[in-house]
Amino acid sequence: MESVQAPVVASLYVPGDRPERFSKAVESGADAVILDLEDAVLPDAKDAARDHVLEFLHRSTPTGPRGPRVYVRVNAPHSPHGARDLEALAGTRPDGVRVPKVETPADVDRVVERLGGVPVDCLLESAAGVQNAPELAAHPAVRSLALGEADLTAELRISGDTAFSWLRMRIVVASAAAGLQPPGMAAYIDIADSDGLHASCVQGRSLGMFGRSAIHPRQVPVIRRAFTPSGEEVVRAREIAEAAAAAGEGAARGGGAIALADGRFVDAPVVVSALRTLALAESLGERESV
């Protein structure tokens, strides 16, 4: 189950019409592999890609709580290819389905009608989708929101990483309000620019996002490094957690300030954040040790 697995930090896209890459992607170190039936596949290869993905899903065994999850990105559910994707996937159980060009809860309903309880990860790729983010996040079948930044760049006529700050915060707030996991970041298309990728991840992390899609295996370790708590962060978090433990559980939950060894004071929200950092560092550390 999702709750017992390490968090998804790096998700690696694999074109559905390149079946020779599927197993390599599973072994890449990514936390999730996304078998792509949409943008990475040309129109005349869609049917073959769908067959390859179905074959892989049917013959693959569960990867276990520490292995990579396997998701499928379908075509837009209101498109002919999307309808065929959903019909074909109805007999499978991927770990999740990524649905592009979602704008209204009705788009999610189309997926649920075919796939039932498979978790839905919505890609918001239009102004309408971003505007409806709170309603989409509240849909009971939705696990996460993410932005389709290439389409949004064209529609909104924006450019540069910082131009997406408001859009990213929009889905961060919508996700938090609905109790969803933090949104992951869209793929960084310049696979040779590792420094730029890392800087962009750090900026996204500062906005409350977590994790990112990759389009090449070389991006996976960069993404994981950017979202993994640093040694300094872990030390700081452990100091806060130990001070809270010494003060007693009631002090932290009651909102009272807790004194640190250096004379600084922290309150309950800071303690919660510190505990989250420690849990994340432990979870990611266990994932790396496998």
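Trainee: Let's start with S213. Where does S213 lie?

Mentor: S213 sits in strand β7, which covers residues 212–214. Keep in mind that this is a predicted model.

Trainee: Is S213 buried or exposed?

Mentor: Buried, because its relative accessibility is 5% and the cut-off for buried is under 20%.

Trainee: What is S213 in contact with, leaving aside neighbours within four places in sequence?

Mentor: The list is S11, Y13, I34, R98, M185, A186, A187, Y188 and I223.

Trainee: I223, okay. Which helix does I223 belong to in the contact of α9 with α10?

Mentor: I223 is on the α10 side, along with Q219, V222, R225, A226 and F227. The α9 side brings S194, L197, H198, C201 and R205.

Trainee: How do those two helices cross, and what residues do they span?

Mentor: Helix α9 runs over residues 194–206 and helix α10 over 219–227. Their axes come within 9 Å and cross at roughly 35°. The crossing is right-handed.

Trainee: How many nonpolar, polar and charged residues are in that contact?

Mentor: The contact of α9 with α10 has 6 nonpolar, 3 polar and 2 charged residues.

Trainee: You mentioned C201 there. Buried or exposed?

Mentor: C201 counts as buried because its relative accessibility is 0%. C122 is also a buried cysteine, at 1%.

Trainee: How many disulfides turn up in the whole structure?

Mentor: The search of the whole structure gives 0 disulfides. As a reminder, a disulfide is a covalent bond joining the sulfur atoms of two cysteines.

Trainee: Switching to α2 and α3. What angle do they pack at, and how far apart are the axes?

Mentor: The angle is about 20°, and the axes are 11 Å apart. Helix α2 takes in residues 46–59, while α3 takes in 80–89.

Trainee: Why is α2 called roughly parallel to α3?

Mentor: Angles under 35 degrees count as roughly parallel, so at about 20° the pair α2 and α3 gets that label. As for handedness, α2 passes α3 in a right-handed crossing.

Trainee: Which residues make the contact?

Mentor: From α2, K46, D47, R50, L54 and L57; from α3, H81, R84, D85, A88 and L89. By class, that contact of α2 with α3 divides into 4 nonpolar, 1 polar and 5 charged residues.

Trainee: Where is K101, then?

Mentor: K101 is in the loop between β4 (96–99) and α4 (105–115). With a relative accessible area of 29%, K101 is partly exposed.

Trainee: And what is phi of R157?

Mentor: R157 has a phi near 60°, again a positive value in a residue other than glycine. R157 lies in the loop between α7 (149–156) and α8. Its relative accessible area is 79%, so R157 is exposed.

Trainee: Last one: where does D193 lie?

Mentor: D193 is in the loop between α8 (165–177) and α9. D193 counts as partly exposed because its relative accessibility is 26%.

Trainee: How far are the C-alpha atoms of D193 and L86 from each other?

Mentor: They're separated by 35 Å, with D193 and L86 lying 107 residues apart along the chain.

Technical notes. Residues are numbered from 1 along each chain as its sequence is written. This is a predicted model: local features need pLDDT of at least 70, side-chain atom pairs count only at pLDDT 80 or more; totals for chains, interfaces and linings use all residues. Side-chain values use heavy atoms; hydrogens and water are left out. Axes are lines fitted to C-alpha atoms, for helices over the stretch in contact, and angles run from 0 to 180 degrees between N-to-C directions. Helices (H or I, at least four residues) and strands (E, at least two) are DSSP runs, numbered from the N terminus. Angles under 35 degrees count as roughly parallel, over 145 as roughly antiparallel, 65 to 115 as roughly perpendicular and the rest as oblique. A crossing is left-handed if the near helix is turned anticlockwise from the far one by less than a right angle, and right-handed if clockwise. Contact means heavy atoms within 4.5 Å. Ala, Val, Leu, Ile, Met, Phe, Trp, Tyr, Cys and Pro count as nonpolar, Asp, Glu, Lys and Arg as charged, and the others, Gly among them, as polar. A disulfide is a pair of cysteine sulfur atoms within 2.5 Å. Buried means under 20% relative accessible area, exposed over 50%, partly exposed in between (1.4 Å probe, protein chains only).
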